[in-house]
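Please read it alongside the sequence and the coordinates.

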Amino acid sequence: MSDTSNRKAELLSSPIEHIDITAFDGRELVDAWEKMSFTSRDAARAARILQAAVADPDCSVILTLAGSTSAGGCMHVWRDMVRHNMVDAIVSTGASIVDMDFFEAMGFKHYQAREIPDDRVLRDLYIDRIYDTYIDEEELQACDHATLEIADMLEPGPRSSRSYIKAMGKWLAEGNARKPGSLVQECYEQGVPIFCPAFSDCSAGFGLVKHQVQRMKAGQPYLSIDSVADFRELTDIKIKAGTTGLFMVGGGVPKNFAQDTVVCAEILGEDVPMHAYAVQITVADVRDGACSSSTLKEACSWGKVDVALEQMVFAEASTVAPVIVSDVYHRRAWEKRPRHRYGDMFGD
């Protein structure tokens, strides 16, 4: 083995182990947090709000994901929320779904960066870095090629990201998964739709671009992702659901996209309530006026979120979200919820 191969193997030697929210009881910590102050008490109230949303038989819960918590060890937290019927739809960045979850479903791993050399060294070794987490770029390119393969299998023409991600889940379920129980496959099997409104901004974008270029050179029709269809379909879910709750990890496009379904429904002439329950976990600073840092109370002024049951938690999500979700899991209100299977609404 060459010195370069040895160095790469040395750096990629400590795989990330994803936390299991069923293996510990978050209720004890949340109960303790509730008697404290600062972020602890905010996080406890957030857990109570998520629990109330899950326990409300009329409420559908939307999970939004931004940032790299999946790569950092929370991948199974989101999967288990789907598996245990705490989530009815997901809005995410493409990276969380493709570069992280689908990537691991193909049998690859993320690694702890126990040592961070000059990033030019990492580039020479084809190692990508997310803060203190590593990804093997050569393995990530295999993910790019898989998204190309899936695109080539589908009928040409525009479709929502939800439709394409459903095809990814089907591809995994049909024997292509090297790691069972990914979020993408779990959502496919449970009928939970995943939307990535900026879908090309991830590993799938490379595969889809190559698909289009190859088809164009051959004079053949090609597949494209229709972000307007994403917005329309998620709004259709909001209209059908009525009462909804948001559990938002980070901000970005997923946060605003999910919130805006209320406004979009009104534009379509549908009388729908604002999101009744809302939690956001973020480290964004509110003072710059950016959307990702806008508070849930601010969202109320836009007609998106009711302020009765909302909570901002200013914390790094991988530290508090697993405890909050474990708390709700162990209270077991999810056992009485119907499975809405909103992914079955669209027929593809």
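## A strand residue and its neighbours

Leaving aside residues up to four places away in sequence, Ser224 touches Gly157, Pro158, Arg159 and Gln212, where contact means heavy atoms within 4.5 Å. This is a predicted model, in which local features need pLDDT of at least 70 and side-chain atom pairs count only at pLDDT 80 or more, while totals for chains, interfaces and linings use all residues. Residues are numbered from 1 along each chain as its sequence is written, and side-chain values use heavy atoms, with hydrogens and water left out.

Ser224 is found in strand β8, residues 223-225; helices (H or I, at least four residues) and strands (E, at least two) are DSSP runs numbered from the N terminus. The C-alpha atom of Ser224 is separated by 7.6 Å from that of Pro156, which is 68 residues apart along the chain. With a relative accessible area of 21%, Ser224 is partly exposed, given that buried means under 20%, exposed over 50% and partly exposed in between (1.4 Å probe, protein chains only).

## Helix α3

Helix α3 covers residues 38-55 and has 18 residues, reaching 26 Å from its first C-alpha to its last, close to the 26 Å expected at 1.5 Å a residue; the expected span is 1.5 Å times one less than the number of residues. Among the buried residues of α3 are Ser40, Ala44, Ile49 and Ala53.

Axes are lines fitted to C-alpha atoms, for helices over the stretch in contact, and angles run from 0 to 180 degrees between N-to-C directions.

| Helix pair | Axis separation | Angle |
|---|---|---|
| α4 and α15 | within 10 Å | roughly 15 degrees |
| α3 and α15 | 9 Å | about 40 degrees |

The angle makes α3 oblique to α15, whereas α4 and α15 are roughly parallel to each other; angles under 35 degrees count as roughly parallel, over 145 as roughly antiparallel, 65 to 115 as roughly perpendicular and the rest as oblique.

The crossing of α4 and α15 is left-handed, and the contact is made by Thr69, Cys74, Val77, Trp78 and Met81 of α4 with Ala317, Ser318, Ala321, Pro322 and Val325 of α15. The residues of this contact divide into 8 nonpolar, 2 polar and no charged.

By contrast, α3 passes α15 in a right-handed crossing. Ala43, Ala46, Ala47, Arg48, Leu50, Gln51 and Val54 in α3 meet Ile324, Asp327, Val328 and Arg331 in α15, and the residues of this contact divide into 7 nonpolar, 1 polar and 3 charged. A crossing is left-handed if the near helix is turned anticlockwise from the far one by less than a right angle, and right-handed if clockwise. Ala, Val, Leu, Ile, Met, Phe, Trp, Tyr, Cys and Pro count as nonpolar, Asp, Glu, Lys and Arg as charged, and the others, Gly among them, as polar.
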